[in-house]
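Please read it alongside the structure.

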Amino acid sequence: MTTVLDQVNSEAIARPAPRLSPADAAEVPALLVEHLTKRFMVGRKRKPVVAVNDVSLRIRRGEIYGILGANGSGKSTLIRLVSTLLTLDKGRVEVFGHDVQREEMAVKRVINRVSVDAAFFKKLSPHENLSYAARLYGMDARDAKREAIRILARLGIGEKRLGRPLEQMSRGMQQKVAIARALLTSPTLLLLDEPTTGLDPRSKLDVQSFIEEMRDSHDATIVLTTHDLDEAERLCDRIALLNDGRIVAEDTPDGLKTMIADEYGKEPTLESVFMTFTGRSLDDDIGEEDQNKEDDS
Amino acid sequence: MTLMARELKASFAFVERNFNLTKRYWGWEFAWLIYSIAGALAVSLIGRSEGSERLLLVLVVGAIFWNFLSLVFEFIAETVQWERWEGTLEYTFMAPVRRYAQLLGSAIYAIGYGLVHTAVVLTVLALFFQLDLTHANFATAGAFIMLGSLSFMGIGIAAAILPLMYVERGGQMVFVIQSVLLLVSGVYYPISVLPGWMQAVSHFSPATYVLDGVRAGLIQGTPVTSLFADVWPLLVMGAVLIPLGMWTFGRAERYAKRTGKLKRVG
């Protein structure tokens, strides 16, 4: 028996790449992913697990592109593949026309990534960490410091805190420093992998406002993975739903809602879109994750 | 900016970062220095107890310069392990930096750090034992330190792949290499006391030639020009081991990217 979910899913999967104007089609995309597949061998029996399964995306310059998915849906693997941290099994990834495998260094120069865990030398101060990042990207340390002060001030972190070890800062502050570090190198493709997960509401709002500001003031294309549906709706020009490594739907937030409007009966939300396409609630998933964390601790 | 200037700047990033880390972990550095001094003193006192000034000098040189070589080796070999522990491995590997620039930066800092550390230990031991170093040829010692550093850089780079490939136990495997080098290189005893097969192995350890050369320079005052038999193996090993280490590291990085081992924090 074919369910509504099956019908919607099959339509979404069969749906061609997003409709582009001739001008858009001619422009080199900020990120082009074609039939990307990544498998991992897990456990003692080396069982293959497909983390990303035949994913194709075309992201235009200047877009904020959201990737929504449950834990284990392949969001972070996809970001790592674009970041050159994983090799591709199948398919092709290009960043501004540079192939991630053949032109790795060129890709690295134009991207930066903020991951869910602010990866820093925690004993070092923000200033020391940012100076390290600036030198890695060939920047002048003094210019970098000036720019870092400006960005961090915008994020609500004063200059006097730049000299203290990061371990003395809250998780929210550390994540703001991580965003400042990523912006310092002026990436044209910024990969934000759940940048607001675990932040308090105030910090989350600061980071979200800053992402909006970046869209308006920087020539940056942003790929944002998130668990937060409100955040996705607020920030993203287009959203892809990732389920078990596959993209099951992709459109603007309103476009996604329109897709299910007839079947849903009432005004759909992004939550109902997510449930329709994946058969699960994102809140349940986060709840499960929190429970697992509690069990682990 | 030329490629060379960019890579040198990137190398300096690792020098500066490691210096900042040393500064921030000053308590640990102080404890490590005390540990090194106590260890060198404990070994050297065996020479004093035997009443042999020559044995004392042999042990002092062995303890101090093994300390230097093992510091250089550990610093480079633990480059990956350290970043795994801090959680920054992915960030560093994502940066537009060629791996040789990263490893060069780590090696430069390791040698600088090792020299300062060794100078402090040597000074303390010289004062403690009232060593007569008036006939010592420090230029010979310096030359062998530099030559030996090259080979140990190569071995260290190759050993750094272990934490890259074996997330949980790679760090401990590095110590296995270190202990084998200690065993066969005549650090505290002449290699002639080793079984024949171990003596054969000792010829492949750069530490064997470094310690021979440094002892000849510091104890007998021999100039480096008279120690060609110890110099050429170190030149050959340096020329072979550094490219070999880099090649091995590149293969291991590829493996880690294929299997997703950069991600996990050990």
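The points below go from the contact between the chains to salt bridges and then to aromatic rings.

1. Basis. This is a predicted model, in which local features need pLDDT of at least 70, side-chain atom pairs count only at pLDDT 80 or more, and totals for chains, interfaces and linings use all residues. Residues are numbered from 1 along each chain as its sequence is written, chains are lettered from A and ligands numbered from 1 in the order in which they are written, and side-chain values use heavy atoms, with hydrogens and water left out.

2. The interface. In chain A, 35 residues are in contact with 35 residues of chain B (contact: heavy atoms within 4.5 Å). About 3400 Å² is buried between the two chains, and carbon and sulfur atoms give 57% of that area (buried area: the accessible area, with a 1.4 Å probe, that two parts lose on being put together, summed over both). Between chain A and chain B there are 6 salt bridges (a side-chain nitrogen of Lys or Arg within 4 Å of a carboxyl oxygen of Asp or Glu). On the chain A side, the elements giving two or more residues are strand E1 (31-42), helix H4 (104-110), strand E6 (111-114) and helix H5 (126-136). Helices (H or I, at least four residues) and strands (E, at least two) are DSSP runs, numbered from the N terminus.

3. Helix H5 of chain A. H5(A) gives the largest share of the chain A side that touches chain B, 6 residues. Of its 11 residues, 10 are buried, including A:Leu130, A:Tyr132 and A:Arg135 (buried: under 20% relative accessible area; exposed: over 50%; partly exposed: in between; 1.4 Å probe, protein chains only). These buried residues pack against helices H6 (141-154) and H7 (171-184) of chain A, together with helices H1 (3-24), H4 (79-86) and H5 (89-94) of chain B. Just after H5(A), A:Gly138 has a positive phi of about 75 degrees.

4. B:Glu90 and A:Arg113 meet in a salt bridge at 3.1 Å, N to O. B:Glu90 is in helix H5 of chain B and A:Arg113 in strand E6 of chain A, so the pair joins two chains. Both ends are buried, B:Glu90 with a relative accessible area of 11% and A:Arg113 with 7%. B:Lys257 also bridges to A:Glu104, with the closest N and O atoms 3.0 Å apart.

5. An α-helix has 3.6 residues a turn, so residues three or four places apart point the same way.

6. Aromatic rings. The whole structure holds 11 aromatic pairs over all chains (Phe, Tyr and Trp rings, the last by its six-membered ring, with centres within 6.5 Å; planes under 30 degrees apart count as stacked, over 60 as edge-to-face, the rest as tilted). B:Phe73 and B:Phe152 have ring centres 6.5 Å apart and planes at 90 degrees, so this pair is edge-to-face. B:Phe73 is in helix H3 (residues 53-77) and B:Phe152 in helix H7 (residues 138-159) of chain B, 79 residues apart. B:Phe73 is buried at 0% relative accessible area, and B:Phe152 is buried at 1%.
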